Amino acid sequence: MSKTYATISALPKVVGQHVTVRGWVTHLRSSGKVAFLVMRDGTGHLQCVLVKSQVPADTWERFATLTQETCVAVTGEVRTEPRAPGGHELGVTELEVLGASPLDYPIQPKEHGIDFLLDNRHVWLRSPRQVAIMRVRHEIKRAIHDFYDGRGFIQVDTPILTAAIGERSGLFATEYFEEGNAYLAQTGQLYGEAAAAALGCIYTFGPTFRAEKSKTRRHLTEFWMMEPEMAFYDTHDNMRLQEDMLVFIVERVLERCQAELKELERDVSKLEAVKGPFPRIEYTEAVRILQGKGSAITWGDDLGAEDETLLVADYNTPIFVCNYPKEAKAFYMKENPADPRTVLCDDCLAPEGYGEIIGGSQREDDHDKLLARIHEEGLPVDAYGWYLDLRKYGTFVHSGFGLGLERTVAWIAGTPHIRECIAFPRMMHRLRP
Ligand code: 4AD
Ligand code: MG
């Protein structure tokens with residue numbers, strides 16, 4: 001008889017039917033007459049029940065050989081069982097071992113140190129909490145694509161191997177034939193700006209690289225960034241788009257990831273409070289507020305992680321800190337006509353102390369001002385020739401921003417450290433597995 005396969009998440013649709021579910025054993029328990037096997041297949045957990053008097057002797061004996069992580073195919077009748085995980089169980093008639101697993105599986109139900117877990121990331125990833133985080137990440141990515149697609153933005157893929165430089169943080173270099181060094185992209189933005197002049201509103205979404213020696217809970221050396229770039233958007237339009245996007249993403253996760261948020265013990269009331277408009281605080285004002293709260297910040301400094309936490313403490317939604325001093329920000333940001341010491345930019349800070357999740361700005365569209373900034377920053381003008389061309393051939397008001405995916409996942413999933421928000425994190429001291 002041919003088998004009907006089902007995933008655990010699809011079982012509610014096949015109650016009363018005989019199906020085969022494949023996955024990995026997570027728990028085993030036997031009374032001698034009745035045995036329980038809990039398995040996971042990535043879509044959920046399923047309790048399978050074997051009754052000794054009702055299964056063939058060899059099936060009952062096979063149960064005794066199972067260990068945690070044995071890969072199995074279990075066949076039986078799907079029954080409603082409110083006390084079982086997921087609300088269903090399988091009355092087993094057949095049990096097949098697809099892949100044995102020796103008893104030394106590294107992840108055991110006890111406290112493991114973080115270094116041990118990261119060394120064993122390839123199997124740690126199977127744990128319910130990690131599965132939940134990956135599923136939330138997937139939903140956030142999907143929400144992002146749906147959001148931009150719904151607004152007619154075109155996705156553009158920008159190079160990872162680059163000659164130009166984007167942000168101030170460290171670069172990873174690699175030999176590139178006769179051309180000297182290529183650098184792993186820190187941002188797709190500059191290419192995104194060129195594409196915006198071709199397509200209007202675009203977004204890029206891919207891995208970006210920063211050789212930052214920061215060992216904080218917010219830094220990876222390889223992280224994913226989504227960067228939209230919009231022709232004819234000024235800094236206010238830019239912030240409105242960020243607001244709409246974040247509200248859309250949070251609503252989508254609340255709608256589709258209830259089970260995952262529960263597994264993560266996320267306080268969903270905090271996410272339900274994320275509604276626009278988000279407060280906008282000018283940098284100069286932020287410094288005044290922070291000084292009032294005891295911070296040592298002075299005008300001209302970038303906000304530190306502690307400053308960000310102090311500042312968001314008064315709000316339930318993300319907030320924008322806008323118009324930073326020129327010196328604290330990248331060369332491409334447009335000078336603020338109302339206060340030329342500052343630029344038209346915004347950092348979006350997530351609530352609950354998760355810190356900066358977005359950096360955005362209106363771009364300098366004046367050719368000569370941009371050139372002067374490139375000189376001031378001591379950047380190689382040659383490498384930026386093509387970027388200056390965008391200001392030569394039909395310059396245009398435009399803005400954009402970068403959303404850090406792992407930081408967004410950390411905030412929404414309520415994960416203190418972003419190393420759990422990507423399947424295989426890359427950090428200063430970690431290149432394996
Ligand atoms: O503020 P950043 O450096 O801005 C840019 O790269 C611009 N080119 C974006 C743009 O305007 N198109 O980085 C944007 C976001 C940060 O807010 C943060 O969420 C994330 O990228 N990010 C990091 N995430 C993890 N690890 C790191 N080392 C990160 N550096 C930045
Ligand atoms: Mg930034």
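This is a predicted model: local features need pLDDT of at least 70, side-chain atom pairs count only at pLDDT 80 or more; totals for chains, interfaces and linings use all residues.
I'll start with strand S15, residues 355-362. S15 is mostly covered, with six of its eight residues buried. What does S15 pair with? On one hand there is strand S14, residues 345-350, which pairs with S15 in the antiparallel sense over six bridges. Within that pairing, Cys-348 stands opposite Ile-358 of S15. S14 and S15 form a hairpin with four residues between the strands, and there Glu-352 takes a positive phi near 60 degrees.

S15 also pairs with strand S16, residues 398-404, again in the antiparallel sense, over five bridges. Ile-358 turns up here too: Leu-403 in S16 stands opposite this residue.

Next, helix H10, residues 305-312. Which of its residues are buried? Asp-307, Glu-308, Leu-311 and Val-312 are. Seen down the axis of H10, these buried residues fall within an arc of 125 degrees, so they line one face of the helix. As a reminder, an α-helix has 3.6 residues a turn, so residues three or four places apart point the same way. And what does H10 pack against? Its buried residues pack against helix H9, residues 283-292, against strand S13, residues 319-322, and against S14 and S15. That brings us back to the hairpin of S14 and S15.

Now the ligand. Ligand 1 is surrounded by 23 residues, and the closest are Glu-167, Gln-189, Glu-212, Glu-227 and Glu-356. Glu-356 has an N or O atom in its side chain 2.5 Å from an oxygen atom of ligand 1. For Arg-210, a side-chain N or O atom is 2.8 Å from an oxygen atom of the ligand. Tyr-332 has a polar side-chain atom 3.4 Å from a nitrogen atom of ligand 1. How much of the ligand does the protein bury? Taken alone, ligand 1 exposes 630 Å², and the protein buries 94% of that.

Strand S4, residues 71-80, runs antiparallel to S5, and 10 bridges join the two. Within that pairing, Thr-75 has Glu-94 in S5 as its bridge partner. Strand S3, residues 45-51, runs parallel to S5 and is joined to S5 by three bridges. There, the bridge partner of Cys-48 is Leu-90 in S5.

To recap the two sheet regions: S15 has antiparallel pairings with S14 and with S16, whereas S5 is antiparallel to S4 and parallel to S3.

Terms used: Residues are numbered from 1 along each chain as its sequence is written. Chains are lettered from A and ligands numbered from 1 in the order in which they are written. Side-chain values use heavy atoms; hydrogens and water are left out. Buried means under 20% relative accessible area, exposed over 50%, partly exposed in between (1.4 Å probe, protein chains only). Two strands pair if DSSP finds at least two bridges between them. The arc is that of the directions from the helix axis to the C-beta atoms. Contact means heavy atoms within 4.5 Å. A residue is near a molecule or strand if one of its heavy atoms lies within 4 Å of it. A polar contact is a pair of N or O atoms within 3.5 Å; within protein, one must be able to donate a hydrogen and the other to accept it, and residues adjacent in sequence count only if both atoms are side-chain atoms. Accessible areas come from the Shrake-Rupley method with a 1.4 Å probe; for residues, only the protein chains shown count as cover.
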